[in-house]
Amino acid sequence: MSLLYNENSKKLSLPEERIEAAKAAGSLEALEINLEQVNKLAAGIIGESNPNFTPQPNDERSKMIKSMFESGLAQLKQQKLVEALKNITLAVELAQRSRMPYEAFAIQLQEIQFMMRHKIDLSLLTGRFLDALQDIEFLMNTGMAQSDVFIRKADALLKLRQYQDAAVCCERGLSLFPNETKLKALMHEIKRNLAEFNGEN
Amino acid sequence: MALNYDYDESSETWPFFLLTVLLMAVLPLTLLQLRALFSSDSDSNNSSSAEESELSSLSKKYTPPATADFAAKFQHKGTSVLLSLRSLLCLVGWLAIAFLVQRISASGISGSMSGAGAFDPYEILGISSSASDRDIKSAYRKLSLKFHPDKLPKDLTEAAKTAMEEAFVQISKAYEALTDEAVKENYLKYGHPDGPQTTSHGIALPSLLIDSRASLVLVVLYIASFVVILPYFVAQWWNRSKMYTRGGLHVKTAARFASCLVNYKPSQVVTVDMIVHWLSRAEEFRILFPGHEPLYFENLLQDYLHGRDSGSAKENEARLRCVAKCHTLLHGMLEVCCGFRNLEIAIATLDTFKCIVQGVPMSRDAQIMQLPNVDAAAFHEGKVDDICTLGKLFTYDNDKIGKILGIKDADKLKDTLDVAAAIPHLQLLRADFVVPGEEYVTPLSTPYIAIKVLVRSAMHRVIPTDKFPAEMLAEPQDFEHMKNPFASMEKQPVLPTSYAPRFPVPRRNAWMCLLALQKDVRILQTPYKLERLSLANMHNHLDKRTVAKLGPDFDPHQWEVASIRMPLGQQAPQEVGAVHMRVVIKATDYFGADLDLTMTMDVREPPRVDEVRDDIYADDSDDGDDSEADGESDDEDSDEEYTDIDTDTDAED
C-alpha cells in the first residue's frame, strides 16, 4: 500500500489507483477518515512552534470560544433566542474545529458539554427538536447520564411525536433516577399520548 | 491357520463380498430416503390442517406472480423426494443386490459352502440328538452291519464300493465322536472328530482382476483411494464445517458483520438503510452471484423494499434469491450484535427484518403499509388524523377505513381488514423475575423472567390488567413447573404462517427477546427466540368500536393469558438492591407487534433463619466457619461488574 506525501502541505493522500481499489472494496470511507485524522494531528503538531510544549488548551482559542459563547448568553438575556442559538452553535463549532486533538481532553470535554447543554436548551426553546435530539444523543455518548438530559430527550421525542421512543427514554431515566418527579410527570404524559396514538382509549 | 492368501479363482466368493458392501451403502440410504418421504408428508399435513390461519391463504392471494413463480420453482426442487438422484441410486443399488442374490442362489455356492465343513454325528447315525448311549450303540451296530467292508455284497461296482467304504468311515467317526472321550472333545471343540480343520483365507476379488495387467490398475486404484479420494472428501467435509457458523452464516460474512460493528461510530445514526448496507456485504450473495459488488446487492435489496423494478427479469429473480437469504443473514447479524452487546443496532436489525419480510421501507406508518391493497398516495393525501398504527385505524368504522386507505372495492377492504385484525399484538399484563421455590429474588440466586402477556388483535378493546384475577397472572407453584419452568412453553402451538406476500418463502413469525441493562443499555445475553404462542384470543369478539366499555359481564376466563418465560443467563448480583433491565420483544415479521418494557430486579436478603439453624445444627460449627470464609472470598469477587456477559448461555435452546 502506497501513500502520497505532499511536501508543501505536509499532508498524506491516497493515489488515484488506490482510491479506485478502495472504492471497489467499500473501504474508501474508512481510509479517508484515517488519513484525515493523521493529517489533522500532523498539522497540529507542525504548527506548534514551541518544541517542548505541554498539551494545555490554547489560551487564545479558549478566549475566542468563551467570548463567542458569552455573547450568546448575553443575547439570551435579551430574549433574542435565535441569535443566541446561532452564537452558541458557532462557539461549539469553533471549539470542535480550532482545538488541537492533543490539547487536554478533559478540559475540552467539560467545555463542550457545558456549551452543548445551553445549545440544547435553546434548540428546544426555538422548536428545533430534531437538532436538539441529535445534540442530546451526542451528549449522552460523551457519558453524560443525568436526569435533566433524560428529561430533555423525552421531551424532544414527545414533541416529535415519537411516543414509543419517548417512553423508552423516560423509562430508562426513571430506572436510573427513580425519584425524579419531572420524569414521572413526563412519563404520565407520554403514556397518555401513546394510548391515543395506538387507539387504546 | 493358513498363511497364504488365495484369490477367488473360481469366482465363488466375490459376489458375497460385493453384496455386503452394497448393502452397507444402500440400506442406510434407503432408510434416510424413507424418513425424508414421511417427514415431508407430515409437513404438508401440518400446513394443510385447519389450524393454519386465514392469513396464509390471504398471503398466497396477494403474492405477486413473479414471487409465486419463484417460490414454486424452488419449492418443487425441495419436495420431490421420490424423484431425486438419491432415490435413483437406491433403486440401482437394490437392483444390483437382487442380481447378486439371484446369481449366488443360481450357482448354488451357498449350499455347498454350508455343507462342506459341517459334521453332525447324529445325522450320520440317523438318530435324534437326545438319544441315549444305548440308542447310539444300537444304531451304530445296525449301520456297521450294513456298511462294513467285509459285509458288502460282492457284485458291487468299484465306485459304489468306495462310496460304501467312505460311509462306513463316517459312521465309525460319528460313533467315536459320541462315545470316545478324546474324539468327543475334538468334536465339541472344533466341530470335527479329527480335530481342527484347515481353513482357507482369501481375498474376494475375481481372478480376472488379479491377472498381471489388471493388477496394476487395481494397485493404482487402491493407492488413489487412500492418497487422493479419501483426503479429498475429508478436506471437503472439513472445509464445509469450518465455512459456516452454527447459525448457518458464512464465516466471511460473520467476520464482515463483526468488522462493521467494530468500525461503527457512535455518532452514526442507526437506520434500516445502514443495516441493509451492511447486509449487502454478505459472502452468501457473492457465492450466489459471483462477480458482483456489494453495491449491486444493496441496490437489489433497496429496490425490493421500495417495490421498484430492478431492470430485467433475471435481476428481479436474483433479488428474490437475495431476499430469501436474508433470513439467515439477519439472524446472524442479530447474534453478532448481541456479541457486541449493542442494543441499538440489534433493534435496527429486527426492524430491518420486518422491512425485508414485508417488503416495505421503514417509515412511521409501516404498520399501515404492511397491509394489502393500501393506496399509499391516497393514504398520505387524505390524512386527517395522525393514523400510524393499526390500533388507531380500528377506531374508525369500516367505511371510513376504506376511505382513509384509499380502498374502494368492498372485497378488497374485507381482506385488508382481515389481515389488520389477524396480526397478533402483545399487551403486557405483568412481568417478574422469579426464582423457583422462592418468594422473591435473593442474592446470587438464579431467577428467570416471567412475562404475562395478552395476545390480542389491534381491533380488540384494551383489557386492563385488573380485569384478570390474580391467579391467572401468577406463576404455577407445582413441583413439575419449578423443576423446569420452560417446559410448558414447548406445549404451546407453533405460530402459524405469516402474512408476508412479498417474501419469496413461506414464513412463520417469531418474537426475538432481547435483554439489556438499563444502566448502560448493553445486551446481557444471546437473544431468546419465541416460536410457540397460542393465538386463540385472536378469534374473540371484543371490537373496540362496538364494545364501548367492559361491563360486568366481561369474563376473563374466555381469554388466554400467555406466559413468556426467558432464562436469565447469569445469577442475581450479590449486592442487595435494584437492577433495572430493559426487555425488548420484537416480532420478526409484523410491524406493531412489539413490546418494550423495563423490569426491575429487586434483590433482597433471604429471610433470616440463622437462629433456627443454630438450634438444629448446633454441632456443625465447622460448617458455620466455612460459610463465613466463603463470604469473605466472595466479597473480593464482588468488585466484578454485574454486566459481565455470559456467552455460554444458549438461550435459544
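Begin the tour by selecting residues 120–191 of chain B, the stretch that an unreviewed UniProt entry annotates as "domain: J". Keep in mind throughout that what is on the screen is a predicted model. The domain assignment of chain B places domain 2 at residues 121–190.

Stay in this region and select helix α8 (residues 158–179) together with helix α9 (residues 181–190) of chain B, whose axes come within 6 Å and cross at roughly 95°. Angles of 65 to 115 degrees count as roughly perpendicular, and α8(B) and α9(B) are therefore roughly perpendicular to each other. To see where they touch, show the side chains of E176(B), A177(B) and L178(B) on α8(B), and those of V183(B), K184(B) and Y187(B) on α9(B). Sorted by class, this contact has four nonpolar residues, no polar residues and two charged residues.

Now zoom out until the whole of chain B is in view. Chain B holds 26 helices and ten strands, and of its 653 residues 26% are buried. Among the contacts in chain B between residues at least 6 apart in sequence, 72% join residues at least 24 apart.

Next, colour the stretches of chain B that carry the annotation "transmembrane region" in the unreviewed UniProt entry, namely residues 14–32, 83–104 and 214–234. Residues 14–32 of chain B are 100% helix and 0% strand, with end C-alpha atoms 28 Å apart. Residues 214–234 of chain B are likewise 100% helix and 0% strand, and there the end C-alpha atoms lie 29 Å apart.

Then colour chain B by its assigned domains, which are domain 1 (5–116), domain 2 (121–190), domain 3 (211–243) and domain 4 (424–653). Where do domain 1 and domain 4 of chain B come into contact, and how many residues does each give? Domain 1 of chain B brings 13 residues to this contact and domain 4 of chain B brings nine. On the domain 1 side, select α2 (54–61) and α3 (65–79) of chain B, each of which supplies at least two residues. The largest share of that side, four residues, comes from α2(B). By class, the domain 1 side consists of six nonpolar, five polar and two charged residues.

Move on to another pair of helices in chain B, α15 (residues 313–340) and α16 (residues 343–358), which pack at an angle of about 170° with their axes 9 Å apart. Angles over 145 degrees count as roughly antiparallel, which makes α15(B) roughly antiparallel to α16(B). The residues in contact on α15(B) are V323(B), C326(B), L330(B), M333(B), L334(B), C337(B) and C338(B), while α16(B) contributes I345(B), A346(B), T349(B), L350(B), T352(B), F353(B) and I356(B). Twelve of the residues in this contact are nonpolar, two are polar and none is charged.

Two single residues deserve a stop, and their backbone angles are what to look at. Most residues other than glycine have a negative phi. Select N373(B), in the loop between α17 (366–369) and α18 (376–381) of chain B, where phi is near 70°, a positive value in a residue other than glycine. Because N373(B) has 18 C-beta neighbours inside 10 Å, N373(B) counts as partly exposed. Select L444(B) next, in the loop between β3 (425–434) and β4 (448–456) of chain B, where phi is also positive, near 65°. With 11 C-beta neighbours inside 10 Å, L444(B) counts as exposed.

Finally, select the contact of the two chains, which takes 19 residues from chain B and 14 residues from chain A. On the side of chain B, the elements that give two or more residues are α19 (390–393), β9 (577–587) and β10 (595–603). The largest share of that side, three residues, comes from β10(B). By class, the chain B side divides into five nonpolar, eight polar and six charged residues.

Definitions and conventions:
Residues numbered from 1 in each chain as written. Chains lettered and ligands numbered in written order. Predicted model: local features only at pLDDT ≥ 70, side-chain atom pairs only at ≥ 80, totals over all residues. Contact = placed C-beta atoms within 7 Å. Nonpolar A, V, L, I, M, F, W, Y, C, P; charged D, E, K, R; others polar. Buried ≥ 20, exposed ≤ 12 C-beta atoms within 10 Å, placed from the backbone. UniProt positions renumbered as here; feature names shortened; annotations may be inferred. Domains from an automatic or database assignment. Axes fitted to C-alpha atoms, helices over the stretch in contact; angles between N-to-C directions. Parallel < 35°, antiparallel > 145°, perpendicular 65-115°, else oblique.
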